Amino acid sequence: MYGYHGKILKVDLTQRKIYEETFDEEFAKKYIGGVGFGFRWLYDTLPAKTDPLSPENKLIFATGPLCSISFLGSTGISVATKSPLTGLIADSDMRGRMGGALKATGYDALVLEGKSSESVYLQVTEHAVDIIEAKELWGKDIKETQEKILSKINDGKTVVTSIGIAGENLVKYAAIASDLRNFAGRGGTGAVMGSKNLKAIVIRGKLKTPVADAERIKTLIKEVNYLIKTDGSCDTLSKYGTWNTTGPANFKGILPTKNFQKTTFEYIDKIDGDAMLNSIWVGKRTCPGCAIGCRHVVKIEKPYSVSPDLEGPQYESVAALGPLLFNADPVTIAKANELCNLYGMDTISTGVIISFVMECIDRGVLTEDDLGFNLKWGEGEGILKAIETIAHREGIGDILAEGVKLASKKIGKGSENWAMCVKGSEVPMHDPRGKKGMGLAYATALKGADHESSMHDEAFERENALPDLGLKESMSRKQFGGKPFLVKTLQDYWGIMSDVLTICKFPMIPPRPLTPARLVKLLNLVTGWNFTIEEFLKTGERIFNLGRLFDAREGISRSDDTLPRRFAEVLSEGGSVGENFDQDNLQKMLDEYYRLRGWDNEGKPCPETLKRLGLEVD
Amino acid sequence: MSVAVEFLSVFPDLRGGKRMFSVKPAALGKIMDQLEDRIPGLKEKLVSQEGNIHPAYVVILTRGGVQKLLKDVACQVKDGDEISVLPVISGG
């Protein structure tokens, strides 16, 4: 097989058993890698109702065949598990080098199960796999952990992936970090790792993975990189990073503000792309093999110290720790982001939880006495204190660490009405009232509200955005019609297949040059296969349906494919004035979406759909 | 008689950090000509030879609080209108 070693490394931490399994080309062609492997193995091995934080849960790190090369972040990895936040299947794509490093040890995937009796870390090389005692690392943040491990073996090639204190404390939205700056942020993968008493995974290897046609791969990479540099489609991403979104999101009236009570922010000029570049920004970084370079380096000395060694805040973090909390201070945003990164905590969920508490205080449901500290809209000290209490599960932080769904149930008094989540996953920083496809994507995403499960509506306001996928007609971001087909297609293509190939999603968005045709060609050049775009898309559909079957087995059905009731309220100002996302329209969209997917009226895949997709399930 | 043009997270180097510009009402193509005098290199980046807006950007007209996508340079822009230029893609 080209692009694979055909080997999986399995580690049972309870029994300290380390063993290998193999897979054949037929399996590889059907699920390709990354989230495809992860979902298949989770479905096959996790009985329904498995406690996500029990030793029985699996934590799967899976590479794709493009990890064999280094192109547009393809040396990243997919992390799949059963989420402690939602109780559903989850995957989180993590950029960086871990996938490439794992491949270089001769393994395509790492499957972890069980629970170590004491804190440990795992070391994987092409020669040996060791479980090593990690008492001295427990209680350390992400940076201290990385530095302590690398102080013994800093060869520039070793990749350290670890959890922080939030993962140790089983914060339900704890993240996993690799090389300090790459995060499997969403869904609580870090809590699962913490529940296994596994602090870190250390990988180094030198093995090459054979590819089918190295010369033509080189030519294709050159072609795409040339277009990235010259066709204008990546210019703003390259200049501003994802901060290119903040000002436009505000202008369009989709920037979540004050816990989604508004979608425009009065002080946008203080935190938009230009403001950030002119205040806290000191440089940018790139992922391996990327010609764009969208990642920020920020440095601050006063009044808080923010280290340039860590990742600066991306758009989601700016919005979740900024306007969502009515916070217009770039310094506080950067510091809050750094704390989340050091503790290993998802910034989206953290921001949504804190804004939920702020609204609880506004409405008299909680008082600052209940919290033990002051927490007001826009006040930095309170925001930073809230993050500390959550990461350490101190006081009310113990409730907030459970996620907004469970926290609102415990707090009660009607607070469920402003708990902004879908299926237990906190809503990302794109208000769906101004982009209806995103609303349907939130409602139907496998892991709860997820902004990376489907491309965003704006890219399809022009004609022929992705003609290879049948997306030829232009449609307004505000319209409901046409969106079920758009979302279904893009969930299969963008949401799933980028995580199967563990490649960055950004260059795939039209009019950027990593088109479906080029992506499929790249897959074929690496593997020697002859996939068509149709087969590629069908693979994405197969994996999406497998994820849905997992969720259905956990009890998910139509009534769970919904949105927070706040989105039914009509916006009174801004670029999406007059817009809402009401239940009638959502139900009509679901009817059409289920029909297109070949699901029954309750959202369960029909037997003929499974047969068409070649899905064998019990 | 003027039209306000705002640049949101686009072309910072060309416009030298200035965000807002004021131009005279005209067809969008003529407005681009006015802007080109003050932001040299803008037209090449933003408008194709056929007169279409580059697919990586959108130009939005705001009139009476209502936003409308402008698709080509023939669109007429009136006194008091506002124009915003922004990247088409958001997300991340």
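**View 1. Parallel pairing of E7(A) with E12(A) in the predicted model.** Strand E12 (residues 198–204) of chain A runs parallel to E7(A), and the two are joined over six bridges. One of the positions that can be followed here is A:Leu122, whose bridge partner in E12(A) is A:Ile201. The model shown in this and the following views is a predicted one.

**View 2. The hairpin of E7(A) and E8(A).** Strand E7 (residues 120–125) and strand E8 (residues 129–133), both of chain A, pair in the antiparallel sense over five bridges, and three residues lie between them in the hairpin that they form. Within E8(A), A:Glu133 is the bridge partner of A:Val120, while A:Asp130 is that of A:Gln123.

**View 3. The six-stranded sheet of chain A.** The strands of this open sheet follow the order E8-E7-E12-E9-E10-E11, and their pairing is mixed. Its edges are formed by E8 and by strand E11 (182–184) of chain A, each of which pairs on one side only. From one strand to the next, the twist averages 20°. Helix H4 (residues 142–150) of chain A packs on the sheet, where it touches strand E9 (159–162), strand E10 (176–178) and E12 of chain A, and its direction makes about 145° with that of E9(A).

**View 4. A:Met345 in the largest nonpolar core.** This core holds 221 residues, of which A:Met345, A:Val357 and B:Tyr57 touch the most other members. When neighbours within four places in sequence are left aside, the residues in contact with A:Met345 include A:Ala166, A:Val171, A:Tyr173, A:Cys340, A:Thr350 and A:Ile390.

Note on methods. Residues numbered from 1 in each chain as written. Chains lettered and ligands numbered in written order. Predicted model: local features only at pLDDT ≥ 70, side-chain atom pairs only at ≥ 80, totals over all residues. Pairing = 2+ DSSP bridges. Helix = DSSP H or I, 4+ residues; strand = E, 2+ residues; numbered from the N terminus. Core = buried A, V, L, I, M, F, W, Y, C linked by C-beta atoms within 7 Å. Buried ≥ 20, exposed ≤ 12 C-beta atoms within 10 Å, placed from the backbone. Contact = placed C-beta atoms within 7 Å. Axes fitted to C-alpha atoms, helices over the stretch in contact; angles between N-to-C directions.
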